[in-house]
Amino acid sequence: MTRSFHGAGISRWREIGETLIREIDQGILLPGDKLPGEMDLVNRFGVARQTIRRALAHLKNAGLLDVELGRGTFVARKVFEYRIEAQKTLEQNLLDSAMTPSREVIGLHVSSAAKGIAERLEIGVGEPVLIVDMLGRADGSPVALVRAHFPVARIPGIEEAFRAILRKRNRTFSQTKLLELVGVSTFSRRFIRLKSRFPSAEEMQHLGLSSIDIVVETSSVSDGTTGDPVFYAVSSYPGSKVEFYVGDIQNP
């Protein structure tokens with residue numbers, strides 16, 4: 001599909017944007033390809049650096065480019081659809097979008113449950129909770145930063161299972177399979193809440209975002225087969241890389 005920003009009196013930065021769009025549409029620039037540096041583009045198009053920056057900012061706002069801090073500017077990978085269903089995981093949504101999922105443990109610690117966490121997990125205040133930070137990727141590109149809270153007493157072995165992953169050189173894993181190993185054969189989302197906001201410093205670092213990007217934050221509680229909560233998760237997604245699909249609305 002060809003995208004166009006043509007209009008009367010088109011300016012130089014728009015012409016540059018059109019050229020890059022054509023190269024993306026024609027497959028000259030592929031999803032995930034790194035763009036030449038600003039000075040290379042300045043020399044190619046014979047314009048001021050500010051003109052290049054305006055053209056790139058315009059394409060970034062249109063969702064065609066991703067800027068990863070410290071790495072450069074890349075052609076945006078395709079957006080994936082996240083269908084919000086009780087048993088639909090991030091990994092399954094990525095597979096449905098023909099993308100390869102992976103999930104990596106980037107940190108964990110045990111903490112005493114504060115009141116809000118205790119209420120969501122239906123445990124006593126002060127009981128031990130395993131907090132696991134994970135990075136989800138789609139085709140190798142970061143798309144989700146997840147902080148999950150697990151009730152330690154309710155899921156014996158959960159801490160050691162995650163620590164075993166952390167000790168490995170390759171920390172990628174399947175959360176569904178890990179939970180099966182500690183006796184949680186199935187789990188179902190009880191609710192999910194969504195909100196949009198600007199990213200934190202941690203999200204900018206792990207998701208390759210700038211301070212003006214938008215993230216979509218989800219929070220949810222998932223129950224095991226007994227109906228007791230097995231984890232509470234807060235996840236953040238780059239707004240330019242995911243579209244949430246709630247379901248069909250039936251007319252009364």
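This is a predicted model: local features need pLDDT of at least 70, side-chain atom pairs count only at pLDDT 80 or more; totals for chains, interfaces and linings use all residues.
**View 1. Packing of helix H1 against helix H3.** Helix H1, residues 12-25, packs on helix H3, residues 49-61, at an angle of about 55°, and their axes lie 8 Å apart. H1 and H3 are therefore oblique to each other, and their crossing is right-handed. On the H1 side the contact is formed by Arg-12, Trp-13, Arg-14, Ile-16, Gly-17, Leu-20 and Ile-21, while H3 contributes Thr-51, Ile-52, Arg-54, Ala-55, Leu-56, His-58 and Leu-59. Sorted by class, this contact of H1 with H3 comprises 8 nonpolar, 3 polar and 3 charged residues.

**View 2. Crossing of helix H2 and helix H3.** Helix H2 spans residues 38-45, and its axis comes within 9 Å of that of H3, the two crossing at roughly 105°. Because angles of 65 to 115 degrees count as roughly perpendicular, H2 and H3 are described in that way. Glu-38, Met-39, Leu-41, Val-42 and Phe-45 of H2 meet Arg-49, Ile-52, Arg-53 and Leu-56 of H3 in this contact, which by class has 6 nonpolar, no polar and 3 charged residues.

**View 3. Surroundings of Lys-34.** Lys-34 is located in the loop between H1 and H2. Leaving aside residues up to four places away in sequence, Lys-34 touches Arg-71, Gly-72, Thr-73 and Phe-74. For one of these pairs, Lys-34 and Gly-72, the C-alpha atoms are separated by 6.9 Å, although the two residues are 38 residues apart along the chain.

**View 4. The largest pocket and its lining.** The largest pocket holds about 480 Å³ of space, and its lining consists of 28 residues, among which Thr-89, Leu-90, Glu-91, Arg-103 and Gln-175 lie nearest the centre of the pocket. Two or more lining residues are given by each of helix H4 (90-96), strand S4 (101-112), strand S6 (141-151), helix H7 (175-181), strand S7 (188-197), strand S8 (215-223) and strand S9 (229-238). In terms of class, the lining of the largest pocket is made up of 13 nonpolar, 11 polar and 4 charged residues.

Key
Residues are numbered from 1 along each chain as its sequence is written. Side-chain values use heavy atoms; hydrogens and water are left out. On a 1 Å grid over the protein atoms alone, a cavity is a set of points where a 1.4 Å probe fits but cannot get out, and a pocket is an open set with protein on both sides within 12 Å along at least five of seven lines; lining residues have an atom within 4 Å of a point. Grid points are joined across faces, edges and corners, and a volume is the space filled by probe spheres set on the points. Helices (H or I, at least four residues) and strands (E, at least two) are DSSP runs, numbered from the N terminus. Ala, Val, Leu, Ile, Met, Phe, Trp, Tyr, Cys and Pro count as nonpolar, Asp, Glu, Lys and Arg as charged, and the others, Gly among them, as polar. Axes are lines fitted to C-alpha atoms, for helices over the stretch in contact, and angles run from 0 to 180 degrees between N-to-C directions. Angles under 35 degrees count as roughly parallel, over 145 as roughly antiparallel, 65 to 115 as roughly perpendicular and the rest as oblique. A crossing is left-handed if the near helix is turned anticlockwise from the far one by less than a right angle, and right-handed if clockwise. Contact means heavy atoms within 4.5 Å.
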